[in-house]
Amino acid sequence: MNVPKIDQGSFWMPRQSSTLAPAVDAAWDVVMYVSVAFFLLIVGAMAWFVYKYRRRGPDDKTSNIAHNARLEIAWTAIPMLILLVLFFIGLSGYVNASVAPGDSYEINVTGEKWLWTFSYPNGTVSPSKLVVPRGRPVRLVMSSKDVLHSFYIPEFRIKHDVIPGTYTTLWFEATEVKDSTLLCAEYCGTGHSDMMATVSVVEEAQFQEFLESGGDDKNMPPAELGKSLYTTWGCATCHSLTGARQQGPSFKGLFGKTETLADGSSVHVDEAYLKESILVSNAKVVSGYQPIMPVFQGVLKERQVDALVAFIKSQQ
Ligand code: CUA
């Protein structure tokens with residue numbers, strides 16, 4: 001799929017592209033460096049003591065060290081104080097990341113095998129591409145159509161499970177105009193590693209343009225629009241253009257073929273069959289494949305279905 005690479009950030013971390021990122025990284029730094037300091041202290045002391053109190057012969061009694069109350073209180077109390085500090089750093093960050101500002105812009109997110117779809121309040125539906133305005137808090141209301149997925153944007157430092165039958169939420173405020181990558185971070189089947197989307201942060205004016213256009217280019221010829229939909233709607237995850245067998249049949253030479261269905265009957269691949277297979281995807285599944293394709297009835301527009309059919313026809 002055509003998804004941009006995760007941009008280079010620091011040695012440890014991806015870029016910080018949301019208002020939440022600096023606090024998340026600061027908390028990570030504190031935990032990291034406290035751990036490094038104690039690792040050196042503890043392992044260093046251990047190595048030194050192994051050497052210093054080594055047994056020097058059969059009559060050596062120096063290694064019989066007794067209980068020391070003051071020392072034990074110290075090495076209990078000091079780590080406890082450090083853990084309390086870490087707890088409050090974590091708590092304040094968690095509360096901040098959990099509660100979206102009241103004026104947040106709301107976008108619905110749907111995860112399914114293996115596609116992310118974003119629905120905007122004005123009815124615009126955008127597959128595989130989350131377009132958001134810069135400098136404005138965005139609240140995501142997320143659900144899954146099938147299994148557990150996990151919504152993860154490394155550069156924003158946000159991640160949350162997406163669960164069938166309920167809603168989970170996340171919020172962020174993007175700080176940079178740029179494209180980054182959304183990943184699925186919960187193993188969800190063979191297409192899991194391809195379940196990505198582009199996160200496109202734009203200025204408010206471009207965002208309004210995107211909403212008005214419905215996320216679609218009106219001037220493209222059908223086969224060309226179909227080609228771009230093939231990528232954006234995630235068809236490429238399961239249908240190759242090379243003849244290679246993936247989760248679904250390849251589009252190469254598909255049009256005009258006669259396919260055998262699971263029940264033994266056969267079907268001629270014409271425009272009507274392609275259209276039915278896109279809209280009510282599992283009505284007539286070709287023998288040897290699983291009925292796993294998402295349903296696009298009520299999701300794709302008429303013109304988009306026509307464009308996809310034209311594109312598949314052109315793959316000879
Ligand atoms: Cu969806 Cu992994």
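Me: What covers the buried residues of helix H5?

Reply: Happy to start there, with a word on the model before the answer. This is a predicted model, in which local features need pLDDT of at least 70, side-chain atom pairs count only at pLDDT 80 or more, and totals for chains, interfaces and linings use all residues. Residues are numbered from 1 along each chain as its sequence is written, and side-chain values use heavy atoms, with hydrogens and water left out. Helices (H or I, at least four residues) and strands (E, at least two) are DSSP runs numbered from the N terminus. Buried means under 20% relative accessible area, exposed over 50%, and partly exposed in between, with a 1.4 Å probe and protein chains only. Contact means heavy atoms within 4.5 Å. Now the case: H5 spans residues 271-279, and its buried residues are Tyr-273, Leu-274, Ser-277, Ile-278 and Leu-279. The cover over them includes strand E12 (266-268) and H6.

Me: At what angle do the axes of H4 and H6 cross?

Reply: Axes are lines fitted to C-alpha atoms, for helices over the stretch in contact, and angles run from 0 to 180 degrees between N-to-C directions. Angles under 35 degrees count as roughly parallel, over 145 as roughly antiparallel, 65 to 115 as roughly perpendicular and the rest as oblique. Helix H4 (residues 222-232) and helix H6 (residues 302-313) have axes that come within 7 Å and cross at roughly 95°. H4 and H6 are therefore roughly perpendicular to each other.

Me: Which residues of H4 meet H6?

Reply: From H4 come Pro-222, Ala-223, Leu-225, Gly-226, Lys-227, Leu-229 and Tyr-230, and they meet Arg-303, Gln-304, Ala-307, Leu-308, Ala-310 and Phe-311 in H6. By type, this contact has nine nonpolar, two polar and two charged residues. Here Ala, Val, Leu, Ile, Met, Phe, Trp, Tyr, Cys and Pro count as nonpolar, Asp, Glu, Lys and Arg as charged, and the others, Gly among them, as polar.

Me: Which residues touch the most other members of the largest nonpolar core?

Reply: A nonpolar core is a set of buried Ala, Val, Leu, Ile, Met, Phe, Trp, Tyr and Cys residues joined through side-chain atoms within 4.5 Å. In the largest one, which has 35 residues, those touching the most other members are Ile-107, Trp-116, Phe-118, Tyr-120, Leu-140 and Phe-151. Strand E10 (residues 197-202) gives the most to this core, with four residues. A second, separate core has 26 residues, including Leu-254, Val-269, Tyr-289 and Leu-308. Back to Tyr-120: not counting residues up to four places away in sequence, Tyr-120 touches Tyr-105, Ile-107, Ser-126, Lys-129, Leu-130, Val-131, Phe-207, Phe-210 and Leu-211.

Me: Which residues does a cis peptide bond join?

Reply: Most residues other than glycine have a negative phi, and most peptide bonds are trans. In this model a cis bond joins Lys-113 and Trp-114, with omega about -5°. Trp-114 sits in the loop between strand E1 (105-112) and strand E2 (115-119).

Me: And where is Ser-128, with its positive phi?

Reply: Ser-128 has a phi of about 60° although it is not a glycine, and its place is in the loop between strand E3 (125-127) and strand E4 (129-133). Ser-128 is buried, at a relative accessible area of 7%. Arg-157 also has a positive phi of about 60° without being a glycine; Arg-157 is in the loop between strand E6 (149-153) and strand E7 (158-162), and is buried at 14%.

Me: What does Phe-255 contact, leaving aside its neighbours within four places in sequence?

Reply: Phe-255 contacts Val-269, Asp-270, Glu-271, Leu-274, Ile-312, Lys-313 and Gln-316 beyond those neighbours. The C-alpha atoms of Phe-255 and Lys-313 are separated by 5.4 Å, although the two are 58 residues apart along the chain. Phe-255 lies in the loop between H4 and strand E11 (258-260), and counts as partly exposed at 21% relative accessibility.

Me: How many disulfides does the structure hold?

Reply: A disulfide is a pair of cysteine sulfur atoms within 2.5 Å, and the structure holds zero. Cys-184 is buried at 8%, and Cys-188 is buried at 6%.
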